[in-house]
Amino acid sequence: MKNYHINIFYSQEDEGYIADIPDLKYCSAFGSTEEEALREVLKAKEAWLDAAKIVGKLIPEPRYRPAIYQIAS
C-alpha cells in the first residue's frame, strides 16, 4: 500500500481532531484524539483505495509534501 502524507489538526468547531490525506480527494476522518483520527483516516484510506479499484478510478501517486517554514528568531 502506498504511503500518503496525512495531516492531523485540531478543529475547535468540531471539538476534535481531523485527519486528511491531501492526495486522496475527500479522504478524511474525525477523532476525539489525534490517535483516533489517525486510526480512522487509515480505515478511510483503505476504503477510498478499494472503491477506486472497483470503479476503475485512477489511484494517484503520493506527491503531497507539506511546506516547512523556519521562523528566524
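These legends accompany close-up views of a predicted model.

**View 1. Strand β3 shows alternating side chains.**
Strand β3 covers residues 28-31. Ala 29 and Gly 31 point to one face and are buried.

**View 2. Strands β2 and β3 pair in the antiparallel sense.**
Strand β2 spans residues 16-20. Its pairing with β3 runs over 4 bridges. Look for Ile 18: it stands opposite Phe 30 in β3.

**View 3. The largest nonpolar core holds 11 residues.**
The members are Tyr 4, Ala 19, Ile 21, Leu 24, Cys 27, Ala 29, Ala 37, Val 41, Trp 48, Leu 49 and Ala 52. Helix α1, residues 34-55, gives the most to this core, with 5 residues.

**View 4. Trp 48 touches residues from other parts of the sequence.**
Leave aside residues up to four places away in sequence. Trp 48 then touches Leu 24, Lys 25, Cys 27, Lys 57, Leu 58 and Pro 60.

**View 5. Glu 40 forms a salt bridge with Lys 43.**
The closest N and O atoms are 3.2 Å apart. The count of salt bridges comes to 1. Both residues lie in helix α1, 3 residues apart, so about one helical turn separates them. How exposed are the two partners, Glu 40 and Lys 43? Glu 40 is partly exposed, with a relative accessible area of 29%. Lys 43 is exposed, with a relative accessible area of 53%.

Definitions and conventions: Residues are numbered from 1 along each chain as its sequence is written. This is a predicted model: local features need pLDDT of at least 70, side-chain atom pairs count only at pLDDT 80 or more; totals for chains, interfaces and linings use all residues. Side-chain values use heavy atoms; hydrogens and water are left out. Buried means under 20% relative accessible area, exposed over 50%, partly exposed in between (1.4 Å probe, protein chains only). Helices (H or I, at least four residues) and strands (E, at least two) are DSSP runs, numbered from the N terminus. Two strands pair if DSSP finds at least two bridges between them. A nonpolar core is a set of buried Ala, Val, Leu, Ile, Met, Phe, Trp, Tyr and Cys residues joined through side-chain atoms within 4.5 Å. Contact means heavy atoms within 4.5 Å. A salt bridge is a side-chain nitrogen of Lys or Arg within 4 Å of a carboxyl oxygen of Asp or Glu.
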